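Biologist: I would like a close look at one part of this model, with the terms spelled out as you go.

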Amino acid sequence: MKMAALCSEFGDLAQIKKQLISVISLCKERGLLHSAKWASELAFALDPLPKDNLPPEPAFTEEDAQDLDALTLAKSYFDLKEYDRAAYFLKGCCSQKAYFLYMYSRYLSGEKKKDDETVDSLGPLEKGQVRNEALRELRVELSKKHNARELDGFTLYLYGVVLRKLDLLKEAVEVFVEAIQALPLHWGAWLELSNLITNIEMLKSLSLPDCWIKDFFMAHMYTELQMIKEALQKYQNLIEAGFSKSTYIISQIAVAYHNIRDIDQALALFNELREHDPYRIDNMDTFSNLLYVKSMKPELSYLAHNLVEIDKYRVETCCVIGNYYSLRSQHEKAALYFQRALKLNPRCLGAWTLMGHEYMEMKNTSAAIQAYRHAIEVNKRDYRAWYGLGQTYEILKMPFYCLYYYRKAHQLRPNDSRMLVALGESYEKLSQQVEAKKCYWRAYSVGDVEKMALLKLAKLHEQLNESDDAAQCYMLYIQDIFSCGEQLEHAEVSTALRYLGQYYFKNKLYDEASLCAQRCCDYNDAREEGKALLRQISQVRDQVETPSADLFTPLSNNNTPVRRVSPLNLISFTP
């Protein structure tokens, strides 16, 4: 969206603040605490309203007055998690508010019983056969009201949740869209809808209301669909529109940078977030993933201790502690904390994926496969779980399975070089060299994170006796490594230099061959071969003086000069 259009939408921030205050009150009355928290954090980022400008109290109907005593009593039971008791006293109430709380209490009662039974009877990796028994009854009752058009925005949202839990996903999407159109400011409905959208085409096909909250939703969806550039642009527009103090937006931008592996930028934002909101636990599991990747043990230890002091029974806290133990290579303890996280929330995507990684470390491939499959059940867009499954089947030497799962991961992350390299390796194992070459070259083109694509491509060309192409790739590989300042740290440089030395020698380019041989002497594993090549070059030169060809222009096998290999200025590469 163009900035001008966005500004017109966000022109009256006071009006937006009024709407947020109103929806906070509505959500709190109905026990929708997460939506109330989201709206409260957003409202806090805007300037306070003067007393005369505060929104009026919502209209109080005759039905509300009749249900007031029962609703007040039931809400007090609801807040104490006595859901059956709350539902009992709300039965027969007529107002929309009381009806929603009545149905929501029954739904939560069923969820609580299901969770209790799951924890008591099942291990963390067993397929959950326990169901919320209330769901079918709720669906029948809500369906009748829905057909009679008697459901308000909140009750439509609950109907959508019931349909999703029953795996009626197409119907759930339609009902969530209806709920959003009826009540655009309820963030919970947008969030539930986001979990059911699988691709950008599906997102574009939805008929969503043109409200300022849609921009928050679109930014969230772009992040979920790995369209990070678009997401960052959206969040930047929202900051410029007046939400610069929003901790929610800062956290979302940090998550977006985490998703594209811009680790330093993400870490800086998470540290800023902790300064603004030191007792925050939301998203701290993502922060711990970054600290883990950077091997920042003291910082990860401090974060884990800090979160335990705040609330040790939060899912995020368990994941942070799990990451801490994983970094210390205590994989059994790490897996135990991820299991605890899943007991607290069986739909915690990160915990399933991380537990899969721990089982991989412990060489328990069957448990890893089950964990990754659970992650995919929670969210089919989780590329880490698809990639993890590919790695697991790679260990089991099942390349057809690898290919399937790596393809899925690549579809979700088309510009992630790790997925492309893994795909290339799978094609290579299946003797599909043409496809393997395409994958390796594409991985290099999109920015090879692990600096392995060119090396693998060069080795593949070498195996196929395509010496010119192999030399070209080795040349690019060396230039790539040296440009990063990783000359001696990267062991495979010696492999590339060794090959190029022999390649130039065969093509009678002795100056270049000599240069490569000299550089081979800087590496322990190539030193002897480098010395041997220098001796060979010396012997040849003693026998006959060959006029030097155009510098750095390798010859093909028929001695025709070809410009295949870029100039290799090894003199500038000081090890």
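How do the residues of the lining of the second largest pocket divide into nonpolar, polar and charged?

Modeller: This is a predicted model, in which local features need pLDDT of at least 70 and side-chain atom pairs count only at pLDDT 80 or more, while totals for chains, interfaces and linings use all residues. Residues are numbered from 1 along each chain as its sequence is written, and side-chain values use heavy atoms, with hydrogens and water left out.

The lining divides into 13 nonpolar, seven polar and nine charged residues, where Ala, Val, Leu, Ile, Met, Phe, Trp, Tyr, Cys and Pro count as nonpolar, Asp, Glu, Lys and Arg as charged, and the others, Gly among them, as polar. A pocket here is an open set of points, on a 1 Å grid over the protein atoms alone, where a 1.4 Å probe fits and protein lies on both sides within 12 Å along at least five of seven lines; its lining residues have an atom within 4 Å of a point. The second largest pocket has a volume of about 890 Å³, volume being the space filled by probe spheres set on the points, which are joined across faces, edges and corners. Of its 29 lining residues, Arg-261, His-357, Tyr-387, Gln-391 and Arg-418 are the closest to the centre. Two or more lining residues come from each of α16 (284–293), α18 (315–327), α20 (349–361), α22 (383–395) and α24 (417–429); helices are DSSP runs of H or I with at least four residues, numbered from the N terminus.

Asn-283, in the loop between α15 (263–276) and α16, has a positive phi of about 70°. Lys-363, in the loop between α20 and α21, has a positive phi near 65°, and Lys-363 is exposed, with a relative accessible area of 68% (exposed means over 50%, buried under 20%, partly exposed in between, with a 1.4 Å probe and protein chains only).

Helix α23 (residues 399–412) has Cys-402, Leu-403, Tyr-405, Tyr-406, Ala-409 and Leu-412 buried, and what covers these buried residues includes α21 (365–378), α22 and α24, a contact being heavy atoms within 4.5 Å.
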